[in-house]
Amino acid sequence: MSTTADHVEHADHDHGDHGDHAPEAHAHEHKPDSYYVKIALILAAITALETSTYWVDFGAFFLPTLLILMAIKFVMVASLFMHLRGDSKIFSYLFYSGLILAIGVYVAFLATFRFFAST
Amino acid sequence: MAMWMFLGSECLLFGGLISTYMLYRGRHPADLGPDQVFDIPFTSVSSFVLLMSSLTMVLAVSSAAQKDDRRTNLWLTVTALLGATFVGGQVYEFTSFYREGLGFTSSLFSSSFFTLTGFHGVHVTVGIIMLMALVGINKRGRIPGDKAEVVELVGLYWHFVDVVWIIIFTLVYLIPS
């Protein structure tokens, strides 16, 4: 298996061969496979914890627990599997601006239904 | 850049669909709502399968970066198979809901639920087609330009459908109406 340093060198070499591609496209560091397997195991454990809320009564912590676990999984996949953490910041801005706009759409929907439902 | 702009716009699409579901999920007959029809253990297994397909996808990207065509094709094929398993589970779920009397037009809840999860299922199906097409053209050695970058772009799309399901699984299935 190649080392992380080899992967970085490999990525740099690719950019050298194909100068017509944006250098930020995959300028991130390629990790060894075991790194991704560890992340997947953590994600699987979080999913198991989420599913346990179906059988175990978390009381007042039920909703916050689920929302926090969902956010952790989302950020882990986006930043580590989609490599947002190592890529150009502009990709993060583009992706998360879409997400923030989507949340804005929900808030606007909710407000519309709440305030104008009786009219 | 274009791919990230596309994914940002997809966030808006699913944001609208999830918002609609959240607003209408309480609009259903007393005996045919989410609490009566959802099979959480089954959907949890489906979610796990899709989550693991993200792992195999990132392994395909990693293999492509190492210019290992055989492993790239192997992981892409495994990813497509896991995706097909997820879609198969969704078809089974939809069929069982329909047999229980929950049709597309049964209630506002069912319409918004089938639209949201159906749109997601179509996205996964498109992803499977992209993966298999990628395996086909990679075997023929016809991927233009930087092969690792092409695999990574398809990977971004695949991870996106996974993160959307992470949200759907929690908001739609796990949080009761």
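**A helix end and its setting**

Mentor: Helix α5(B) is followed by B:G141, a residue with a positive phi, near 70 degrees. Please bear in mind that this is a predicted model.

The helix itself can be checked for length. Helix α5 of chain B covers residues 108–139, which is 32 residues. At 1.5 Å a residue these should span 46 Å, and the end C-alpha atoms lie 47 Å apart, so the two values agree.

Elsewhere in chain B, B:P29 sits in the loop that joins α1 to α2 (34–37).

Next comes the contact between the chains. On the side of chain B, 41 residues are in contact with 45 residues of chain A. Three helices of chain B, α1 (2–24), α3 (40–65) and α6 (147–174), each supply at least two residues of the side that touches chain A. The largest share, 13 residues, belongs to α1(B). Sorted by class, this side of chain B holds 24 nonpolar, 13 polar and four charged residues.

Of its 119 residues, 21% count as buried. When contacts in chain A between residues at least 6 apart in sequence are considered, 45% join residues at least 24 apart.

One pair of helices in chain A shows how such elements meet. The axes of α2 (residues 33–52) and α3 (residues 62–81) of chain A come within 10 Å and cross at roughly 160 degrees. An angle over 145 degrees counts as roughly antiparallel, and α2(A) and α3(A) are therefore roughly antiparallel to each other. The crossing of α2(A) past α3(A) is left-handed. From α2(A), the residues A:I39, A:L43, A:I46, A:L49 and A:E50 take part, and they meet A:L66, A:L69, A:I72, A:K73, A:M76 and A:L80 of α3(A). By class, the residues of this contact between α2(A) and α3(A) are nine nonpolar, no polar and two charged.

Note on methods: Residues numbered from 1 in each chain as written. Chains lettered and ligands numbered in written order. Predicted model: local features only at pLDDT ≥ 70, side-chain atom pairs only at ≥ 80, totals over all residues. Helix = DSSP H or I, 4+ residues; strand = E, 2+ residues; numbered from the N terminus. Expected span 1.5 Å × (residues − 1). Axes fitted to C-alpha atoms, helices over the stretch in contact; angles between N-to-C directions. Parallel < 35°, antiparallel > 145°, perpendicular 65-115°, else oblique. Left-handed = near helix turned anticlockwise from the far one by under 90°. Contact = placed C-beta atoms within 7 Å. Nonpolar A, V, L, I, M, F, W, Y, C, P; charged D, E, K, R; others polar. Buried ≥ 20, exposed ≤ 12 C-beta atoms within 10 Å, placed from the backbone.
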